[in-house]
Amino acid sequence: MTKPHRIALLFNANKVYDRQVIAGIGQYLTSTRVKWDLFMEEDFRSRTVGIHQWRGDGIIADFDDPVVCETLASMPIPVVAVGGSYADETHYPHNIPYVATDNHKLVRLAYDHLIEQGLQRFAFYGLPPSPGNRWAHEREIAFMQMVRADGLEGSVYRGSSTSAGGWGRAQEEMVEWVRSLPKPIGIIATTDARARHLLQACIVADVPIPEQIAIVGIDNDPIAQLLCRIPLTSVIQGAEEMGRMAAQVLHQMLHGGDCSTTRVLVPPVGINVQATSLHQPLKSAYVMRAKHYIRQYACLGIKTEQVADYVGISRTLLEEHFKRELKQSVHQTILEHKLEMARQMLGDAAIPLSEVAVRSGFTSLQYMYAVFRREFNCTPRQYMENVREGARTH
């Protein structure tokens, strides 16, 4: 039997993007007869120290890291680069195959989605310039090209790098930026992590989302979703496909193929549309503020009186505004939000029904059953089975 090829994976798996690329590489291995002995650091960090002494057969690496890019430029073994796309062709590494996430299409998907929500003003929340943030700069460039092509002026805010010591001041500055923007406006964040920061700033600034500011992130990071009080809309990168493609290219190189000029741009998979981007123009500022509060706290069991207190008017007046604007009561709006949260969780088989009831704000599993029967003419379990059956048929 032939010995397996020894392959090094240089990625920082603390990022969802890198983890998905690694998953794609794993999928390629399990779906083919390729035999690779994979090396990764024990803590899943990308380290290049000693890589030139490594006696291996090939490398797949994240070339968004300039240190990795520089270190591997002259390696005598096959190397496949993975990273962000560049508008300027000369920025790609020379004589190294490159599999890229298509930054222009990532931003285009987010931008088109915000346009479809009826928005006419747009902004971009990026990252401060640094050698390791070249991909973020490319997304910012793509955004500015799009708004200028439409004859618009786009606002760009880069903020500060995240650090515990500077976080308070950084958030204060972001709150000032949020308050200064013309509204309503749609904002594209260069990552879900930045989108979460923006979401927090909007809540601190008491700016309703998405009525005044609609937000779209990039990555579809489940951790970021868990940390957002309002569900975050996010563009889904084709990172797993990037991993599969990178593994396929390296496989060809290990068997004598010349892939030095290979360049593959992988488009996004789609967009996970959630509450932060579903802009709905509302005439009443009271309804706007009330819905902003409901999105944050509906699943904590709030009542109509608490919503009215937050808005600063009587319950009766608030109900009048809701009937006029939304054709439903405050209570119905709260219930609608709780049911939406429950329906989303029912699609995940790993979440027990009792936990779905608690997390979506129902006082008991029995009460959730009663509400589902009344609203959907089925039990939560039947609804869950219908969701999974629909997923299988598609």
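Predicted model: local features only at pLDDT ≥ 70, side-chain atom pairs only at ≥ 80, totals over all residues.
Contact is taken here to mean heavy atoms within 4.5 Å. Leaving aside neighbours within four places in sequence, Trp 36 is in contact with Pro 4, His 5, Ile 7, Ile 25, Leu 29, Ile 60, Ala 247, Leu 250, His 251 and Leu 254.

Trp 36 also belongs to the largest nonpolar core, a set of 28 residues. Within this core, the members that touch the most others are Phe 11, Ile 25, Trp 36, Ile 60, Val 80 and Val 82. Two or more residues each are given to the core by β1 (5-10), α1 (16-31), β4 (79-84), α8 (239-254) and β11 (263-266). Of these contributions, the largest share comes from α8, with 8 residues. Apart from this core lies another, made up of 25 residues, including Tyr 125, Val 207, Ile 209 and Cys 228.

The chain has 394 residues, of which 50% count as buried, and its secondary structure comes to 15 helices and 12 strands. Along the principal axes, the C-alpha atoms fill a box of roughly 75 × 50 × 40 Å. Among contacts between residues at least 6 apart in sequence, 68% join residues at least 24 apart. The chain exposes about 19100 Å², and carbon and sulfur atoms supply 51% of that area.

Charged residues come next. Side chains of opposite charge can pair when their charged atoms come close. In this model the count comes to 15 salt bridges, and a few of them are worth a friendly look in turn.

One of these pairs lies within helix α3 (residues 103-116), where Arg 108 and Asp 112 are 4 residues apart, about one turn of the helix. The closest N and O atoms of Arg 108 and Asp 112 are 3.0 Å apart. Arg 108 counts as partly exposed because its relative accessibility is 30%, and Asp 112, at 29%, likewise counts as partly exposed.

Glu 172 is partly exposed, with a relative accessible area of 44%, and Arg 169 counts as partly exposed at 45%. Elsewhere, salt bridges that share partners join Lys 15, Asp 18 and Asp 62 into one network.

A further salt bridge connects the side chains of Glu 140 and Arg 158, at 2.6 Å from N to O. Glu 140 lies in helix α4 (residues 134-149) and Arg 158 in the loop between β7 (155-157) and α5 (167-180), so the pair ties together parts that are 18 residues apart in sequence. The two partners also fall into separate accessibility classes. Buried means under 20% relative accessible area, and Glu 140 is therefore buried, with a value of 8%. Arg 158, in turn, is partly exposed, with a relative accessible area of 32%.

Methods:
Residues numbered from 1 in each chain as written. Heavy atoms only, no water. Salt bridge = Lys/Arg side-chain N within 4 Å of Asp/Glu carboxyl O. Buried < 20%, exposed > 50% of the residue type's maximum accessible area, 1.4 Å probe, protein only. Core = buried A, V, L, I, M, F, W, Y, C linked by side-chain atoms within 4.5 Å. Areas by Shrake-Rupley, 256 points an atom, 1.4 Å probe, with all protein chains shown as cover.
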